[in-house]
Amino acid sequence: MEVPPTVREHAGVPLLVGIGGGLFATHVWHAIGEEESAATFLLGIVAPMLFAAGVVGGGVWLWRRDTDGEYALRVGSWSAVGAAVLAVGGVLVILYQQQYGVVMDEQAFVVVNAASGGALLGFIVGVYDIRQRRAEERATRLTRQLTVLNRVLRHDIRTNANVIQGNASLLTEESVDTDEKADTIRQQATDLVKLGKQARSVEQILTTEEVDRESQELTPTVEACCERVRRDNPSAEIDVSLPPTVPVVAHRLIDSALANVIENAVEHNDKETPRVHVETEPVSRNGTDYVELRVADNGPGIAESEIEVLKRGYETDLEHTSGLGLWLVSWIVARSGGEVRFEENDPEGSVVCLRLARADGGARSVGGSDTAAPAV
């Protein structure tokens with residue numbers, strides 16, 4: 001029977017603490033109830049007691065590092081397997097000795113001692129296992145992200161350069177509206193500058209191995225982004241409805257993600273008066289408080305094919321997004337430990353939802369593993 005996701009997310013650390021704590025309590029009980037020689041006490045009680053304490057400490061260590069639940073459960077499973085295997089080994093040794101007429105004293109504690117060593121060994125193996133898996137996942141993710149970056153840069157730069165070159169050539173003809181052509185060249189050059197900024201943000205994400213999260217105030221960041229978009233698009237109506245303070249845990253480039261979402265809501269809008277509404281909603285899931293930023297527009301909506309590409313996590317020659325914007329948003333929010341969702345707006349348009357963990361406020365570094373994936 002498959003383990004429910006909520007159990008998988010939270011079972012790892014309790015499993016480790018339970019294994020180590022149970023073994024540790026058994027050793028303490030043994031130490032209190034028996035009188036042993038110094039050597040036996042050190043090797044038969046203190047040493048395995050330290051092994052068990054190491055497993056408990058390992059569970060606390062994983063919890064403090066905010067290790068992904070699936071990974072923590074994997075380490076816990078390795079520890080349980082290690083304890084079971086060495087415990088069975090201890091039983092086999094006892095049975096083997098009995099075949100030759102040798103009966104061990106304190107047989108149960110011999111098995112428990114072996115289990116303590118196995119639990120710690122399994123924990124160590126589990127930690128190396130998840131490190132290897134993380135490295136493989138990161139390599140796969142980087143390959144896909146570089147493929148996206150390469151395709152977008154090749155396509156968009158070539159397209160914009162061709163438009164600039166064509167319009168520049170037409171400027172020499174007297175019958176051509178030079179103002180129109182100059183405006184086209186200016187717009188294409190602006191798009192290239194924007195593409196360069198997006199590529200720079202992507203580079204910062206790809207070249208940073210550590211999860212760079214911190215507590216940030218969302219409200220002033222969103223308001224600053226909206227003010228920039230209003231300045232560049234005077235015809236747009238952007239309504240912001242946010243509380244005075246919205247502390248969230250996010251990647252330091254979250255402002256780039258927010259800017260892209262709000263800019264796209266205006267720039268890809270086919271209405272004479274683009275309308276954008278920005279609001280937040282509190283969300284609670286599995287005992288964790290989140291803030292969901294909702295950016296709704298009255299535009300044509302986001303193509304389902306692009307959403308499917310984002311769900312898949314990589315592009316093909318036939319299936320791809322229209323640029324770097326949505327990818328950048330998806331990657332930054334994922335590195336923030338959050339989620340991205342897309343909904344249809346009523347009666348028209350789309351809603352982009354960015355879900356981020358709520359923070360208590362104050363600038364502080366937040367650890368974690370780069371394993372979150374956007375739910376698009």
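**Nonpolar patch and salt-bridge network**

Helix α4 gives the most to the nonpolar patch, with four residues; helices are DSSP runs of H or I of at least four residues, and strands are runs of E of at least two, numbered from the N terminus. The structure is a predicted model, in which local features need pLDDT of at least 70 and side-chain atom pairs count only at pLDDT 80 or more, while totals for chains, interfaces and linings use all residues. Residues are numbered from 1 along each chain as its sequence is written, and side-chain values use heavy atoms, without hydrogens and water.

The patch covers about 480 Å² and is made by W78, V81, V85, L86, L121 and V125. Both α4 (69–99) and α5 (107–170) supply at least two of its residues each. L86, found in helix α4, is partly exposed at a relative accessible area of 32% (buried means under 20%, exposed over 50%, partly exposed in between, with a 1.4 Å probe and protein chains only).

The structure holds 16 salt bridges, each defined as a side-chain nitrogen of Lys or Arg within 4 Å of a carboxyl oxygen of Asp or Glu. The side chain of E292 meets that of R341 at 2.8 Å, N to O. This pair links strand β6 (residues 339–344), which holds R341, to strand β5 (residues 288–297), which holds E292, across 49 residues. E292 also pairs with R294 at 3.3 Å, and both E292 and R294 are buried. R294 in turn forms a salt bridge with E343, with 2.8 Å between the closest N and O atoms. R294 lies in strand β5 and E343 in strand β6, 49 residues apart. Through shared partners, salt bridges join E279, E281, R285, E292, R294, E339, R341, E343 and R355 into one network.

Note on methods
Patch = residues over 30% accessible without salt bridge, like charges linked within 9 Å, V, L, I, M, F, W, Y side chains within 5 Å. Areas by Shrake-Rupley, 256 points an atom, 1.4 Å probe, with all protein chains shown as cover.
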